[in-house]
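Work through the following exercises with the sequence and the model side by side. Each task is followed by a solution that goes step by step.

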Amino acid sequence: MRYEIKGETLPVVICHLEAGETMITEGGGMAWMSPNMQMETTSGGGLGKAFGRMLSGDTLFLNRYTARGGNGMIAFASGFPGSVKPFTVGRGQEYILQKSAFLASESGVDLDIHLQKRFSSGLFGGEGFIMQRVSGNGVVFAEFDGHVVEYELQAGQQIVIDTGHLAAMSASCTMEIQTVPGLKNKLLGGEGLFNTVVSGPGNVWLQTMPISNVAKSIQPFIQSSN
């Protein structure tokens, strides 16, 4: 499989497949394709995994697109202004993605639910109890809000992240919640009460404009128009 990502604020990933190669996407994820791409709807591992994916923000069923009778092409478009990033998944290369980040993948990639082990991380971290975990083998494409900045963390190195800006991290990283110090900072600082702290080793991807921030920005205009 070869791919190219086109567009900036509204990106699309175009995948070029050899005969017999398969791509997997959530329901409604396909934007356009060559006529020899054959679709098959599947639960992707049984109803248990299907419901897990639904809880993590994706559709109950997945669609498999296979190139039949020759090379094929299929495109997957982002559903929100932002970025599409490829991740190569393999042994020792597993990733935790924000809820609803999964866009499409090669057939060897396994998409599963990821539950935050720390209660406070799920309750106050802005990323929620449920995230997405990708494992197996192949390339997976994830969509994030705004632009994405990547950092590589060494063992024990940390980065403090404002709520909602965590897009993805290596499965080797850990995540916890830190209270903003100082009562005045909490009440007057405008940064909320909690920050997300990610510790290495591993990589972390941060998004510049979480969709929750977009909603807060336009809410006053919606209210004023009613």
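**Exercise 1: the nonpolar core**

Among the 18 residues of the largest nonpolar core, those that touch the most other members are Phe87, Tyr95, Leu97, Val134, Val140, Phe144 and Trp205. Such a core is a set of buried Ala, Val, Leu, Ile, Met, Phe, Trp, Tyr and Cys residues joined through side-chain atoms within 4.5 Å, where buried means under 20% relative accessible area, exposed over 50% and partly exposed in between (1.4 Å probe, protein chains only). The model is predicted, so local features need pLDDT of at least 70 and side-chain atom pairs count only at pLDDT 80 or more, while totals for chains, interfaces and linings use all residues. Residues are numbered from 1 along each chain as its sequence is written, and side-chain values use heavy atoms, with hydrogens and water left out.

Task: Determine which strands each supply at least two residues of this core, and which one gives the largest share.

Solution: Strands are DSSP runs (E, at least two residues) numbered from the N terminus. At least two core residues come from each of strand 8, strand 9 (95-97), strand 11 (109-115), strand 13 and strand 16 (166-170). Strand 13 gives the largest share, with three residues. A second, separate core has 14 residues, including Leu17, Met23, Ile74 and Val139.

**Exercise 2: aromatic pairs**

Solution: Rings of Phe, Tyr and Trp (its six-membered ring) pair if their centres lie within 6.5 Å, and planes under 30 degrees apart count as stacked, over 60 as edge-to-face and the rest as tilted. Because tyrosine 3 belongs to strand 1 (residues 2-6) and phenylalanine 141 to strand 13 (residues 138-145), the pair ties together parts that are 138 residues apart in sequence. Tyrosine 3 is partly exposed at 37% relative accessible area, whereas phenylalanine 141 is buried at 0%.

The rings of phenylalanine 87 and tryptophan 205, with centres 4.8 Å apart and planes at 75°, are likewise edge-to-face. This pair links phenylalanine 87 in strand 8 (residues 82-89) with tryptophan 205 in strand 19 (residues 202-207), 118 residues apart. Phenylalanine 87 is buried at 3%, and tryptophan 205 is buried at 9%. Ring pairs also join Phe87, Tyr95, Phe144 and Trp205 into a cluster.

**Exercise 3: a serine in strand 8**

Solution: Begin with accessibility, which at 9% places serine 83 among buried residues. Its side chain reaches the backbone oxygen of glycine 146 at 2.7 Å. Contact means heavy atoms within 4.5 Å, and, leaving aside neighbours within four places in sequence, serine 83 is in contact with Pro11, Ala142, Glu143, Phe144, Gly146, His147 and Val148.

Methods. Helices (H or I, at least four residues) and strands (E, at least two) are DSSP runs, numbered from the N terminus. A polar contact is a pair of N or O atoms within 3.5 Å; within protein, one must be able to donate a hydrogen and the other to accept it, and residues adjacent in sequence count only if both atoms are side-chain atoms.
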